[in-house]
Amino acid sequence: MDEKRCLLCNKPYNYKYEMFGRGCLDNLYDLLGISKSPRIIWNKELYLCTRIAWKNHKFFLNKKKKYVLAQKYIALSYLNKMNYETLNDIKEKISNDIKNIKAFSKNIVETISISLNEIYKLFNYTQKFNELLEKSKEINWKEIDKNVAENFIESISFIFDLTKRNSPISYAVFYAMQYMFWQVVVVGGILANMKLSARLLSNSLSLFGNEPKDLIIEDKEVIENIQKSEEFNNKIKEIIKKYCKDKDKFKDNSENNEDCIIEFNNKDLFLAIHGSPTSIEIEKNVDETWKVNMLIEDTYDFTEFKELKKYATSNESLPMSIFSSILNNFGVVSSKYGVLKPYKVTIKVQKNKFVIK
Ligand SMILES: [Zn+2]
C-alpha cells in the first residue's frame with residue numbers, strides 16, 4: 001500500500017483520512033475558525049470539508065469537489081494570514097477558482113495550481129521572519145554589538161534565497177519579506193545614521209512592479225561632507241600638483257583616469273558612492289585659489305557578490321566591513337528579485353575657493 005503523506009506538513013501518517021494527518025486536521029479547525037465536529041461524526045476530515053463548502057455557500061458538491069474546494073480554501077486562508085500585497089493577484093486567482101467549483105459542472109477549472117505543503121512552508125517562513133523583525137526593534141543600532149548584529153544577520157539570511165524565485169507564490173512571499181527587511185531593518189536601523197546611504201537605498205526599493213526615479217543629490221549636508229573630507233581635499237591637491245604645474249586648468253572626464261579615483265573613508269560616503277567621479281574641472285582664480293567642479297554620476301545598483309576583503313580595505317572598523325559586504329550580497333539577491341532596482345544618481349560638488357595648504 002502507498003504511504004500516505006499529509007498534504008500540509010508532508011509527514012507520513014496512517015490514519016483513515018485522505019488528505020491530512022490528525023494533528024494538522026485539528027490545527028485546520030483552529031486556523032479556519034470552524035468549531036470542532038460533534039463526537040458522533042466519524043470522519044472529521046470530510047466534516048471539515050463539508051463545513052468549508054457551506055461557508056462558501058456550496059451545498060450539493062460531490063466528495064471530490066468538496067476536497068478540492070477545501071484545499072483551495074485552506075491555501076487562501078494561509079495567504080490571507082500572511083497579509084502581503086504581493087500575493088493579491090494569486091489570491092484573486094484562487095478565489096476565482098473557488099467560485100468556479102459548482103455542483104453541476106463537469107470539470108474543475110483551475111487558473112493556478114497550488115501545493116498546500118509549499119504554502120504551509122512559506123507560512124512558517126513568514127512566522128519566523130516576523131519574529132526576527134520584532135526582535136530587531138530591540139537592537140540598538142547606534143551602539144551595535146558585533147555579535148548581536150552578526151547573529152541577527154545570520155538568522156535572517158534565509159530570506160535571501162535565490163531558489164525561491166521559481167514558483168510565483170514563493171516569489172511573492174520572498175519579495176515581500178525582503179522588501180520589509182530593507183525598509184525596516186536597513187533604512188530604519190542599520191543605516192539610520194547614514195543619511196546618504198539610507199536615502200539611496202530607499203530610492204532603489206521599489207514597490208511590486210514600480211520603477212525608481214533617478215536622483216540628483218543636492219543636500220547641503222552631503223555636499224559639505226564630501227567637501228570637508230580628507231580624501232576629497234587630498235585628491236584635488238594631488239591633481240593640482242601633478243597636472244597644473246605650468247597650467248591654470250585641469251579637466252578630466254575620461255572616467256578611467258586612475259589619478260581621479262576617490263575612495264571615501266567616511267562610512268556613509270564609502271557605502272553610498274562607488275566608482276570614480278565622471279568629471280573633474282579645476283581652474284585657478286586670480287587670487288591663487290582654485291575653483292573646483294566635480295560631478296559624480298553613478299548607477300545605483302548591486303551587481304556582483306563581493307568578498308569581504310574588498311570592503312575591509314576601508315579604514316572603517318571590521319564589523320562595519322563585514323556588515324557592508326553582507327548587505328551588498330543581500331542587495332545582489334534582492335536585485336535579482338527586482339526588490340531593489342537600479343537608477344542613476346548624480347552628485348555635484350562645487351568649491352569656489354580651494355586653497356592648497
Ligand atoms: Zn500534517
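## Sheet, helix and loop

User: Which residue in the turn of the E5-E6 hairpin has a positive phi?

Analyst: Happy to start there. E5 and E6 make a hairpin, with 5 residues between them; strands are DSSP runs of E, at least two residues long, helices are runs of H or I of at least four, and both are numbered from the N terminus. In the turn, the residue with a positive phi, about 75°, is Glu288.

User: What pLDDT do local features need in this model?

Analyst: Residue numbers start from 1 along each chain as its sequence is written. This is a predicted model, where totals for chains, interfaces and linings use all residues, side-chain atom pairs count only at pLDDT 80 or more, and local features need pLDDT of at least 70.

User: How many bridges join E5 to E6?

Analyst: Two strands count as paired if DSSP finds at least two bridges between them. Across this pair, Glu283 stands opposite Lys291 in E6. E5 and E6 run antiparallel, and the number of bridges is 6.

User: In which sense do E3 and E7 pair?

Analyst: Strand E3 covers residues 215-217 and strand E7 residues 343-354, with 3 bridges between them. Ile216 stands opposite Thr346, while Ile217 has Ile347 as its bridge partner.

User: How many bridges join E6 to E7?

Analyst: E6 spans residues 290-300 and runs antiparallel to E7. Facing residues include Leu295 with Lys348 and Ile296 with Ile347. The number of bridges is 10.

User: Which are the edge strands of the sheet?

Analyst: The open sheet has 5 strands and mixed pairing, in the order E3-E7-E6-E5-E4. The edge strands each pair on one side only, and they are E3 and E4 (249-252).

User: What angle does H10 make with E5?

Analyst: H10 packs on the sheet, touching E4, E5, E6 and E7; contact means C-beta atoms, placed from the backbone, within 7 Å. Axes are lines fitted to C-alpha atoms (for helices, over the stretch in contact), and angles run from 0 to 180 degrees between N-to-C directions. The direction of H10 makes an angle with that of E5 of about 65°.

User: Within what arc do the buried residues of H10 fall?

Analyst: A residue is buried if 20 or more other C-beta atoms lie within 10 Å of its own, exposed if 12 or fewer, and partly exposed in between. In H10 the buried ones are Phe232, Lys235 and Ile236. They line one face of the helix, because the directions from its axis to their C-beta atoms fall within an arc of 95°.

User: How far apart are the end C-alpha atoms of H10?

Analyst: The expected span is 1.5 Å times one less than the number of residues. For the 14 residues of H10 (230-243) that gives 20 Å, and it agrees with the model, where the end C-alpha atoms are apart by 20 Å.

User: Is Leu162 buried or exposed?

Analyst: Leu162 sits in the loop between H6 (146-156) and H7 (168-190). Leaving out residues up to four places away in sequence, Leu162 touches Val333 and Lys336. Because Leu162 has 11 C-beta neighbours inside 10 Å, it counts as exposed.

How values were computed:
Contact = placed C-beta atoms within 7 Å.
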